[in-house]
Amino acid sequence: MPTEVAAAALRILLLAGTVYVAVGVLLWAFQERLIFHPRPLAFGSGHPAATAIEIDRGDAILRGWIVNEAPCRQETSLRASRPPAPLLVYFGGNAEEVSGNIGNFAPLPAITVLVNYRGYGESTGAPSEHALVEDAVAVVEWARHRCSDRPLVLFGNSLGTGVAVLAAARVVPDAAILVSPYRSVARIAKARFPIFPVRWMLRHPFDAEAAAAHMPPMLAFASPIDRVIPFAESEAMVAVLKKTGREVELRMFNLPHSAFMGHLPVWQAIDAFLAARLPAADAQPG
C-alpha cells in the first residue's frame, strides 16, 4: 500500500510538472498575444482638425494623424506675436487604435500627433517593445521637424506610458502626461502569474522604472478600480518618479481602465496642467 501511494503521488507530481512546463512554454511562446492586441482602423481621419500622416521606418510604415496642425504652418512673424502651442505626441494602450481619440485632442490648445503602433490601424509591421520605443523616438523626431521650436509633451496611456518613459531619455520632453502608469510589464505579469519566472521569460518587459530619472514634470492619472493596471502599481511608479526628484502630480478618478480618455474632468486637468507648465498652452491653436 505505501508503495502504491508513493507511486500515485509520483504520478500526480509528474502530471503537475508537465502541466507547469506546458503552460510556461505557452506563456513564453504566445506572450506577444497577451501583451499586444492590434485593432483595425475604427474611425479614420474624418475629423476636420486631423490630417493623415505616414512615417516610413524602413521595415514598417506608421500611419496616424496630426491634429490642429495649422499653427505649424503660420508665418514666422505671426508665431513671434504669440507663444507657440505645445506639441503633444500620444502613445496609446495595448488594445487601442488611436483614431478614436482624435476628437478628444481636437479641443485641446495644442498640436497633437497620434500614430498607431505597428500592426495597429493601418500601420504595417509587428509590435515589440524594441520596435515601439524606436518608433516612438522616430515619431517625436518627425513631429519636431514638422513643428519646430515648440514645447514637447509626451502623452502615454496604459501600455503607452512605458513607451513614453522609455523614449523620454532620448527625446528630452518638456513635460509628460501618464494615464495608468506602471513600473514594468514584468511586474504586472509576475502578479498575474506568480508561480512562473516571468522576469526570465518576458521578451517585452517595458521597464519604465529603469528610465524614471529622465522624466520631466508630469501629470499622472490612476484609478482605485482599475483592473488592468492596479492602482498600487501606478502609485508605486509615481513614488519611484518622486524619489528621483521628478515633479509629479497624481490625480485619482474612480474609473474603469478604458474610461479615462472619455472623462471630461481628465481633460480639464490636462488643460490646466498644460497652461501651468507651458504658458503657451493658453493660446488656442489656429
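**Exercise 1: a strand pair**

Find the bridge partner of Ala220 in strand 8, then trace how the chain gets there.

Solution. Ala220 has Leu250 of strand 8 as its bridge partner. Next, zoom out: strand 7 (residues 218–222) and strand 8 (residues 248–252) pair in the parallel sense, over five bridges. (Strands are DSSP E runs of at least two residues, helices H or I runs of at least four, numbered from the N terminus; two strands pair if DSSP finds at least two bridges between them.) Finally, follow the chain: from strand 7 it passes through helix 9 (residues 231–243) to strand 8, a right-handed β-α-β crossover. Right-handed means the path runs clockwise from the first strand over the helix to the second, with the strands pointing away from the viewer.

A word on the model: it is predicted, so local features need pLDDT of at least 70 and side-chain atom pairs pLDDT 80 or more, while totals for chains, interfaces and linings use all residues. Numbering starts from 1 along each chain as its sequence is written, and side-chain values use heavy atoms, without hydrogens and water.

**Exercise 2: aromatic rings**

Work out how the rings of Tyr90 and Phe155 are arranged.

Solution. Their centres are 5.3 Å apart with 70 degrees between the planes, making the pair edge-to-face (rings of Phe, Tyr and Trp, its six-membered ring, pair with centres within 6.5 Å; planes under 30 degrees apart are stacked, over 60 edge-to-face, the rest tilted). Tyr90 sits in strand 3 and Phe155 in strand 5, so the pair ties together parts 65 residues apart in sequence. Now widen the view: Tyr90, Phe105, Phe155 and Trp267 form one aromatic cluster.
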